[in-house]
Amino acid sequence: QAFEGCGCVVAPAAQCLCTHATDFSASSAPPTIRPVTVEMLTSVSLDDLASTWMVFAVVGGMAGGTLFLAACFEVRDRRAKRLILRTFIVREHGGNKLGFAEVGGS
């Protein structure tokens, strides 16, 4: 069989003799696992934190956005609660829409 490709040639052995820029050797090696130690966590310097400012900006923005939404929902819920209480229970003229009056007992 003849092989035609982008700079690739067929070798008698099972190996790649391609001339293009793809590096297949990196994908054949298993990744090395580096466990995080206590020394690595305690050796973080201010320079390390300054070089990763974008991570802190994103996390801070997400936390700030969450707090803002929580405050908006709290305000919305308080307004809805006041509206429900005004509509069904408390009326200035002594009655409510359901026709009941609140009577103070002694």
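I began with burial: of the 106 residues in the protein chain, 4% count as buried (under 20% relative accessible area, with exposed over 50% and partly exposed in between; 1.4 Å probe, protein chains only). The model is predicted, so local features need pLDDT of at least 70, side-chain atom pairs count only at pLDDT 80 or more, and totals for chains, interfaces and linings use all residues. Residues are numbered from 1 along each chain as its sequence is written, and side-chain values use heavy atoms, without hydrogens and water.

Next I looked up the total surface. The chain has about 9,900 Å² of accessible surface, 66% of it from carbon and sulfur atoms (Shrake-Rupley method, 1.4 Å probe; for residues, only the protein chains shown count as cover).

Then I took the fold. I found 4 helices and 0 strands (DSSP runs numbered from the N terminus: H or I of at least four residues, E of at least two). The pattern along the sequence is α-α-α-α.

I checked Ser-43. Ser-43 sits in the loop between helix H2 (38–42) and helix H3 (46–51). Its relative accessible area is 51%, so Ser-43 is exposed. A polar atom of the Ser-43 side chain lies 3.1 Å from the backbone oxygen of Met-40.

Last, I looked for a nonpolar surface patch. Val-44, Leu-46, Leu-49 and Phe-56 form one, with about 410 Å² of accessible area together (residues over 30% relative accessible area and without a salt bridge; nonpolar side chains joined within 5 Å, like charges within 9 Å). A salt bridge is a Lys or Arg side-chain nitrogen within 4 Å of an Asp or Glu carboxyl oxygen. I placed Phe-56 in helix H4 (residues 53–88). Phe-56 is partly exposed because its relative accessible area is 49%.

Note on methods:
A polar contact is a pair of N or O atoms within 3.5 Å; within protein, one must be able to donate a hydrogen and the other to accept it, and residues adjacent in sequence count only if both atoms are side-chain atoms.
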